[in-house]
Amino acid sequence: MTTIDAIDFFYLSMPNVEDIGDGSQDALLVRVCAGEYEGWGECEASPLVSIASLICPMSHSACKSVSAGVLGQKLEEISDIARISAEVSLSSMDLLQKDHTMSGIEIAMWDLMGHRLQAPVWSLLGDKRSHPKTPYASALFGDTPQQTLEKGRAIRCEGYRAAKFGWGPFGKTSASDDEDQIEAAREGLGDDAVLLVDVGCVWGENVARALEVVDALERCNVLWLEEPFHTGALHAYKQLSLRSGSVKLAGGEGSHNAYMARHMIDHAGVGFIQIDTGRIGGIGPARDVMEYALSRNVTFVNHTFTSHLALSASLQPFAGRSDLSLCEYPVQPKPLAQELTASHIERNSDGSILTPDKPGLGVEVNLEAVRKYLVNTEIRVRGELLYRTPEIQSETSGA
């Protein structure tokens, strides 16, 4: 019987982390080993917090460490992945970080099984082929409209047919300033490109403030307004959705489990549900949300802003759907995220991308880059060593 022998968490970071909305400045890389096989995943969460949830001492029967529910578990069939996740959900019920932490582990289990069965993850999910996706360049707003304009022109020159601008100063000053940013993004991209706008939850639940930019969004033919409010502010989303005209609302990256995503689909009036496999519990829960969204006529879109390992994981749940063609594609990641994988999901000559057809996630982890950005860490409780940065052995791994 093949069982999970090791779960290794690697905390990586840029030398300097800036106070900007860029999640590619650090990373939590996950390696799962079972017998002769290994798989890789990535958690989209604060690395140290997730490491703590992996190894923390038991508080009570429903608040155990994540590792306690994973190590030693049988991993021989695809169904074992969901079973292990369900068991951790119960044994770590009161450990609120568990879904973030399990996300990277669950992704790594899929990658491992893909290598063991010599099949891409999307085929293990039941898809017969992967369909091309139109990548939208995901970038931050410039500090000024002129910078946004220049970013838009650069993205257009690189051949992208869709782009999303978000965070930065948007929504933090006046509606007039926001309009200038939206118009600059549209001018930079050109009239025929798909334009998306991400507010980064900055308005909390202030519907009136969001309504101030609706006219500009419609005038500039913006497809969606993303995360105008906190993920849990479903009432605010719903109110805005009834008054946002041609502009659809998008959200869901803050959904830390499938239940939260379903609530957003059912009660927030969103047109697009954006799921991050590195947050929601992994590839399996994201697949479940995709199928639920389709049943409710809501469009599923991936969320990712870090490495191509995370990008591949985010694409797997809907790779086999020809009717879901838009996908997020990071274009300005920090060197850490870019160097983390030795292989990348490159755009084809027509600008589209394809989910890898190699075994597992189909991308190689560059262990030299892991060494370069590794933050050596120890966690001790009452003098006992509970965590130490794992050893790295080979040059590349994962494909």
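**The sheet and the helix across it**

Guide: As the model is a predicted one, what follows describes computed geometry. The pairing between strand β2, which spans residues 26-34, and β3 is antiparallel and extends over 7 bridges. These two strands belong to an open sheet of 3 strands, arranged in the order β1-β2-β3 with antiparallel pairing. Its edge strands are β1 (4-13) and β3 (37-43), each of which pairs on one side only, and from one strand to the next the twist averages 20°. Helix α1, made up of residues 47-55, lies across β1 and β2, and its direction is at about 160° to that of β1.

Helix α4, residues 98-117, has 20 residues and reaches 28 Å from its first C-alpha to its last, close to the 28 Å expected at 1.5 Å a residue. Because 18 of those 20 residues are buried, α4 is largely enclosed by the rest of the structure; just after α4, Gln118 takes a positive phi of about 55°.

In helix α10 (residues 234-241), the buried residues are Leu234, Ala236, Tyr237 and Leu240. They cover an arc of only 160° around the axis, which puts them on the same side of α10. The buried residues of α10 pack against α8 (207-211), α9 (214-219), β7 (222-226), β8 (248-251) and α11 (258-267).

How values were computed:
Residues numbered from 1 in each chain as written. Predicted model: local features only at pLDDT ≥ 70, side-chain atom pairs only at ≥ 80, totals over all residues. Heavy atoms only, no water. Helix = DSSP H or I, 4+ residues; strand = E, 2+ residues; numbered from the N terminus. Expected span 1.5 Å × (residues − 1). Buried < 20%, exposed > 50% of the residue type's maximum accessible area, 1.4 Å probe, protein only. Arc of directions from axis to C-beta. Contact = heavy atoms within 4.5 Å. Pairing = 2+ DSSP bridges. Axes fitted to C-alpha atoms, helices over the stretch in contact; angles between N-to-C directions.
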